[in-house]
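Trainee: Could you take me through one part of this model closely, strand by strand and helix by helix? I would like the cut-offs spelled out as you go.

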Amino acid sequence: MSLIGQPLPRVDGPDKVTGRAHYAADFPADRMAHAAVVQSTIARGRITGFDLAEAEQVPGVLAILTHRNAPRLGKIPEIPPVDPVGTPEHPLQDDLVLHQNQHIAVVVAETLEQARWAASRVRVSYAPEPAVIDMQATLRHARPASKDEISAKPGNVGRGDADATLASAAVTVDSLSVMERENQNPIELHATTAQWDSDGERLTVWDKTQWVQSCAKHLGAAFNIPPERVHVIDPFIGGAFGSSLRVWPHTYIAAMAAKVVGRPVKLVLSRREYYGGTGARPWTQQRVRLGADRDGSLQAIRHEVTAENSRYEIYTENVLKATPILYRCRNVDLPYRVALRDVNSPNAMRGPGLATGVYALELAMDELAVALKMDPLALRLRNIPERDQMKDLPFSSISLEQCLTEAASRFGWDRRNHQPGSMRDGRLQLGWGMAVSNYPAEKVKATARARVTAKGEVHVATASSDMGPGTWTSVTQVAADTLDLAMEQVKLSIGDSALPMAPVHGGSMTISSIGPAVRDACEKLRGAVYGAAGVNTGDILEIARRIGRDFEAEGAFDPGDLEERFSMEGFGAVFAEVTVDPDTSEIRVRRITGAYGIGKVVNPLLARSQCIGGMMGGIGMALLEQTEIDRRSGRFVNGNLAEYLVPTMADTPALDVTFVPEEDRNVGGLGTKGLGEIALVGVAPAIANAVFHATGKRLRHLPMTPDRLA
Ligand code: MOS
C-alpha cells in the first residue's frame, strides 16, 4: 500500500515535544555572547548623537555598535521572488531613520540580561523630520505601481474594456473595502546565532529563515565572502507565515556583532522589537466594481488595490492574481497603486496578495448576489470558468464546482433563507455566508540526495525548511514510499544551506518542488543499488549491507514548460456561520466548512491541520487582527502578543475540512498543487458575508470589530 495519502503522524513530533528539536536560538556555542538591539523612537529623521557612557558602564558589556563604528556592509542583493524592489535596510550603516523601531545600535554582553539592560541605557539624540503615517493622508499621494514594482509573476493583466462594459451593464455593484495591516506573530521569536571561524572567513548562522540558501547568499554579499562560506542552519521553525521569507536587518547585525567581539553571538528579537524589525501584511484599500447581466453572468470586473508601502522599498503582491481567473468574464481591469508612508516595509504574510484580493472580490460578489436577488452560491456556479482567460490556457484541472457543491451540501446551505436578517437563534442574529478560495499551484526547480549506507541506513537530504506544514513528514513519506521502506527507516535532513538546492519554503510550493526531487533521488538510488547487485527487485538495505558499501544518488525536479502549457491552480469553497449579538455587536463564528481541490493530498492528517490553521487565521483576519500604528508618532500601539489579538481556542468553533478527489495528470511532479496559503484565502470573506446575512449591514472594513459594526 502506498504511503502517499496516508494520515501519518508527524515524524518530528517527538523531537518537538521533548525539546530535542533545536530552533535558531537553541543552538549552543562555546563562549556565546548575547546581543540586544536599540531601536529608533522617531519615525523619520537623522541620528545626531549617541550617549553611550552609562551603557558602557554596565558590567559584562563587550561592545556597542552604532553606524559610527559598525563594520561596513556590502550591497545587500535583491533575490526574487522574495525581495521587494528598492534599497533594503543596511543596518548600522548611516544616520538615517526610516521608520519607528528601526535597529540603530546593538549591545553585546556576556549575558542577555546585561545586554538588554545596557541597551536600555543607550541615549540617542535625533533631528526628526515630519513623517506621514496616517493612511488617509498617505492615500492622497498614492500612485500607480510601475511595471518593475509589480511582481514579475503574471497576475495583473486585464483584458477587454471594463469601464465601458460597467457603464452599460444591467446590474452593477461598487464595493470599497479596507483591510488593516496585520503581523504574522509566529510563536518562535526571530533569532540569529552567528559564529565566525577563527580566520574570519567563514560564517555559521543558526537563523530563523524560510530559505537557508538565500540567507547564505545575502550574508555572503553583505560580508564580501562567497556564499559557500556561509553556512545557514535552520532545521525547525516555530511558525513563520511568511515572516522569515526574507533576511531581516537583525541577521546582519548578529553577524556584525560576532565579527567585532570574535565570539559567537546570539540575538533574539523580543515580541515588541519584531513589529519594526520585520514586516507585515500591508494595509490595503480595494475598490471592486462588478457588472453583470440579470441572469448573473459577469460582464466586467474592475478591481483596484491601493497598498501601503515604505519609502525605501516597494513590496507588491498578488492581490489581483485571482480576479482575472476565478470567474468567466470578458472585461477585466486591474490597477495596482502604492501609497508610501514612513513605516517599515510590508512583506508576505500567509496567502500573500490572494487573501487580500479574494476578500474584496468575494465581498463584491456577495453584494452582486444581493443586487440580483440571487443565491450567492448560484452566482458563483453561474460564472465558473472553463479555462484561464488571463493566460489563455486550459487549467491542469479545476474542481471549483465540486468544491462549491460539496461544501454547500456538508454545510446544509439549502436550508438558508436568503433574506438578510431573517435568521435567528434566540436573541442572536444568525448569518450564513460563503466565498471561494484560490491559490496558484507553484512549483520550481529543486534537488535532493539519497544515500544508503553499508550499515543499511537510508539518508535523504534537501535544503528546504519546515515552518510547520509538515515537510519533515511528507518528504519522509515520499522517500519511504519510493524505496518501499517504513517511515522509521528513512533519516531526513533539511534546513541546512549545505544540502542540495531547494527553493524558498513559501508560496505553498515546497512539496510540489522538493517532493518530486526526492522521489527522483530515491528512484535513482534504488537503480544504482539494483544495478550493482545485478537484480531488479529486493530490499535495498539488505543489498547495500551485503555488497558492503554506500550508494548515493542525486535527484532533481524541473517543471520545464508546464507553466506554458497549463494554468495550475488550487481552488476551494468556504462556508461560515456566525452569530451577532444585537446589543453588543459581538460576532462569534459558529462553524466553518471548507472543501478544497488541491490535487494529490500527501498526508490528509497534516493537510487538515493546515486547513484548520488557515481557518483560524481567517477568523483572526475577519474579526481580530490589526497592527495599530499611532498616526502621529508611527509607534506600534499594540505591538506585542498581549494586545495584538489573534483567535484563541475559545474563538474557534468546530472546523470542517474536506478534500474533493482530484487526480491531476497535467500538473506534474507528484500530482500535488500545494496546500498552505489556500487555507487562509476565502475564510475572511465567508465570515464577512455571513455577518451581512445576519445583520443586513454591509461592513467593508477588516477586522470587523464591534465598534465598526455598531
Ligand atoms: Mo508564505 S507567506 O510564502 O510563507
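Mentor: Let us begin with the record: an unreviewed UniProt entry annotates residues 18–130 as "domain: Aldehyde oxidase/xanthine dehydrogenase a/b hammerhead". UniProt positions are given here in the numbering used for this model, feature names are shortened, and annotations may be inferred rather than shown by experiment. Residues are numbered from 1 along each chain as its sequence is written. The model is predicted, with local features needing pLDDT of at least 70 and side-chain atom pairs counting only at pLDDT 80 or more, while totals for chains, interfaces and linings use all residues. Helices (H or I, at least four residues) and strands (E, at least two) are DSSP runs, numbered from the N terminus.

Next, the sheet with β1, β3 and β6 in it. Its seven strands form an open sheet in the order β3-β6-β1-β13-β10-β11-β12, and the pairing is mixed. Two strands pair if DSSP finds at least two bridges between them. At the edges sit β3 (61–65) and β12 (230–233), each pairing on one side only. Ignoring direction, neighbouring strands of this sheet are turned by 20° against each other on average.

Helix α3 (residues 112–120) lies across β1 (33–39), β3 and β6 (103–109), at about 20° to β1. For these angles, axes are lines fitted to C-alpha atoms, for helices over the stretch in contact, and values run from 0 to 180 degrees between N-to-C directions. Contact is a matter of C-beta atoms, placed from the backbone, lying within 7 Å.

β21 and β22 are antiparallel partners over four bridges, with Val-458 in β22 as the bridge partner of Val-452. Their hairpin has five residues between the strands, and Gly-456 takes a positive phi near 85° there. On its other pairing, β22 (residues 458–461) is parallel to β23 over four bridges; Val-460 has Leu-492 in β23 as its bridge partner, and Ala-461 stands opposite Ser-493 in β23.

Finally, a helix pair. The axes of α17 (residues 604–624) and α18 (residues 683–695) come within 8 Å and cross at roughly 50°. That angle makes α17 oblique to α18 (under 35 degrees is roughly parallel, over 145 roughly antiparallel, 65 to 115 roughly perpendicular, and the rest oblique). Gly-614, Met-615, Gly-618, Ile-619, Met-621 and Ala-622 in α17 meet Val-683, Ala-684, Ile-687 and Ala-688 in α18. Of the residues in this contact, eight are nonpolar, two polar and none charged, where Ala, Val, Leu, Ile, Met, Phe, Trp, Tyr, Cys and Pro count as nonpolar, Asp, Glu, Lys and Arg as charged, and the others, Gly among them, as polar.

Terms used. Contact = placed C-beta atoms within 7 Å.
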